[in-house]
Amino acid sequence: MVIFDDLMEEAPLSSEQVPDGECSESQKEGEGETVVFDGQNGVIEGKKEFVAPAVGMEFESYDDAYNYYNCYAKEVGFRVRVKNSWFKRNSREKYGAVLCCSSQGFKRIKDVNRLRKETRTGCPAMIRMRLVDSKRWRVLEVTLEHNHTLGAKVYRSIKKMGTGTKKKSLSSSDAEGRTIKLYRALVIDAGGNGNLNAIEREVRNSNCPNQLNLKKGDSQAIYNYFCRMQLTNPNFFYLMDLNDEGHLRNVFWIDGRSRASCLYFTDVIYIDNTYLLSRFEIPLVAFVGINHHGQSVLLGCGLLAGETTESYKWLFKAWLTCASGRCPQTIITDRCKVLQSAIVEVFPKARHRFGVSHVMKKVPEKLGGLRNYDAIRKALFKAVYESLKVIEFEAAWGFMVQRFGVVDHEWLRSLYEDRAQWAPVYLKDTYFAGMCAAQPGDTLNPFFDRYVHKQTPLKEFLDKYELALQKKHKEENLADIESRTVSPTLKTRCSFELQLSRIYTREIFKKFQLEVEEMYSCFSTTQLHVDGPIVIFLVKERVLGEGNRREIRDFEVLYNRTAGEVRCICSCFNFYGYLCRHALCVLNFNGVEEIPSKYILSRWKKDYKRLYIPDHVCNNVDATDRVQWFNQLYRSALQVVEEGVISLDHYKAALQTFEESLNRVHDVEEKQE
């Protein structure tokens with residue numbers, strides 16, 4: 001289902017249905033076109049695929065829309081005729097038109113005996129478009145099927161552009177200029193948002209990738225998939241970027257549920273370009289967040305022609321239109337300078353960090369050929385994961401490169417230059433919500449891991465995409481039910497454990513519960529320094545070291561009794577979103593029986609989606625923005641659905657609520673009649 005912002009109640013116009021105060025003008029087919037047929041029905045084998053017209057396309061002007069359809073017709077092998085045009089009576093401004101195949105309709109009876117060969121077959125192929133409030137021309141109806149043989153080539157048309165004034169015939173060079181202008185303006189929007197053409201595109205350098213590397217049938221597969229999703233997935237959104245020749249360059253899409261998740265889980269996002277960097281068959285880039293159960297959640301997908309700054313910028317701006325302009329606090333990516341440049345420009349307020357797990361995964365590849373590889377790897381891991389202070393990290397790094405003679409190793413040198421972007425000891429003030437992978441074994445896995453391999457074709461991926469989302473949605477629903485219906489088992493008598501067992505989702509509570517249990521491995525809490533209300537404590541903990549030997553490590557914890565603030569040098573709260581064992585020991589030492597509210601993140605609560613209302617939803621609703629109405633209604637209904645599957649009683653109550661709501665809506669409709 002697709003809802004446009006200003007065309008909800010309008011029925012398709014025909015030449016017999018012209019509103020009062022406006023007039024219709026049919027235009028005859030222009031002369032000067034030559035068609036050469038090859039006897040084949042359809043597009044020629046081996047030719048480049050051209051994006052077909054689709055409902056939701058928008059153009060800056062009528063001329064742009066006409067020129068696009070004419071170029072499409074030339075590629076496919078038919079001619080275009082203007083079937084109908086509608087003008088405002090007073091201003092003579094054109095506001096609607098139907099473009100059709102030249103074989104549409106049949107000859108009039110009085111023309112049947114003329115010598116000219118009959119070319120009319122009643123062909124249904126057409127597009128209907130209208131000028132909308134944004135002053136752009138939007139495609140409202142499309143029929144792609146023809147009932148006749150299509151030609152191999154249509155020579156360049158020389159036609160009147162149909163704007164109400166006579167124009168000079170376009171030369172070949174002028175027509176090319178018009179085509180380039182057209183495709184820079186073209187944006188397809190299934191959600192009906194009116195501001196998407198603000199995403200400017202520049203002509204790429206000839207050396208840069210300028211077209212998606214698609215196989216035969218891939219363009220049609222994408223188009224068919226988007227059409228199906230529009231019908232079956234409420235609030236589905238997609239955007240296409242075409243190059244100057246009208247071929248797909250970049251694509252972005254997001255389903256309704258992922259779009260709803262953008263309201264809750266965009267505080268920290270992981271931009272996964274693994275498939276693009278590793279030269280997979282599908283050049284996929286995924287936006288991934290983490291939900292209130294600590295599960296990965298998809299926030300949108302894109303296909304890019306190449307790894308260029310311009311492609312990434314286009315993709316990020318497309319994503320922002322669906323995320324209601326909500327800029328993430330933290331963005332995690334692989335080490336990629338091109339990606340970094342695009343993020344700085346599109347997300348200037350976000351903290352961009354490189355995933356430490358991505359860095360460490362490349363150690364075997366980058367260092368495996370060195371003579372002392374095992375020892376170097378061990379020293380590197382120790383510096384990265386065990387350093388609590390910057391001075392410790394830099395000393396350990398310096399010792400490693402000097403001892404093993406790798407001072408001039410190019411990859412290690414570049415890592416050290418970027419250390420403030422990825423090494424955990426430098427990231428303690430960055431909020432990660434569990435996506436930092438700051439401990440050995442922590443990883444940021446690709447969202448479509450186990451669904452996509454290097455040779456997976458695009459058509460197969462589109463099927464697996466839906467399977468992956470269904471599996472993830474099922475896991476989230478089951479976790480919701482379990483968190484609300486099953487009380488966790490307490491393992492200690494600590495008041496902190498009891499407190500959060502009533503608040504947090506089951507999976508997040510389990511992680512916090514481990515910290516409570518490990519408080520017993522912390523055997524000493526002493527004051528180091530006092531400065532007014534601020535006290536620095538030293539907490540000693542027994543940890544497993546090399547060879548499973550017990551070691552004692554010291555952790556400094558700052559505590560401000562007046563402000564109710566506690567911060568540990570391990571920075572567990574910023575990394576994972578809950579307090580560590582060391583901070584809990586200090587709170588317990590000072591007689592605090594409940595965790596301060598500032599350290600209980602709403603995003604981990606069982607009822608987070610129900611209680612959390614985004615800021616912009618609280619504002620006055622735009623009286624003319626139907627897309628805003630639809631988005632809010634969809635989110636509200638989705639919450640009822642998620643609550644309704646907890647139990648049979650919940651289901652019955654939710655179903656009754658929907659029935660009552662629908663009756664009330666019908667009552668409003670009857671009152672207005």
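Helices (H or I, at least four residues) and strands (E, at least two) are DSSP runs, numbered from the N terminus. The model is predicted, so local features need pLDDT of at least 70 and side-chain atom pairs count only at pLDDT 80 or more, while totals for chains, interfaces and linings use all residues. Residues are numbered from 1 along each chain as its sequence is written, and side-chain values use heavy atoms, with hydrogens and water left out.

**View 1. A nonpolar surface patch includes L655 of helix 22.** Helix 22 spans residues 648-672 and contains L655. L648, Y651 and L655 form the patch, with about 300 Å² of accessible area together. Patches are made of residues with over 30% relative accessible area and no salt bridge; like charges are joined within 9 Å, and nonpolar side chains (Val, Leu, Ile, Met, Phe, Trp, Tyr) within 5 Å. A salt bridge is a side-chain nitrogen of Lys or Arg within 4 Å of a carboxyl oxygen of Asp or Glu. Accessible areas come from the Shrake-Rupley method with a 1.4 Å probe, and for residues only the protein chains shown count as cover. L655 is partly exposed because its relative accessible area is 38%; buried means under 20%, exposed over 50%, and partly exposed in between (1.4 Å probe, protein chains only).

View 2. Two strands pair if DSSP finds at least two bridges between them. Strand 10 and strand 11 (residues 248-254) run antiparallel and are joined by six bridges. Y238 stands opposite W253 in strand 11.

**View 3. F226 sits in helix 3 (residues 218-232).** F226 counts as buried because its relative accessibility is 2%. Leaving aside neighbours within four places in sequence, F226 is in contact (heavy atoms within 4.5 Å) with F236, Y238, M240, V251 and W253. F226 and F237 are 11 residues apart in sequence, and their C-alpha atoms are 8.6 Å apart in space.

**View 4. A433 and S571 have positive phi values.** Most residues other than glycine have a negative phi. A433, in the loop between helix 13 (419-422) and helix 14, has a phi near 50°. With 0% relative accessibility, A433 counts as buried. S571 has a phi of about 55° and lies in the loop between strand 20 (565-568) and helix 17 (572-576). S571 is also buried, with a relative accessible area of 7%.

**View 5. E515 is a buried residue of helix 16 (residues 506-517).** Which residues does E515 touch, not counting residues up to four places away in sequence? They are Y578, L579, C580, R581 and L584. E515 counts as buried because its relative accessibility is 10%.
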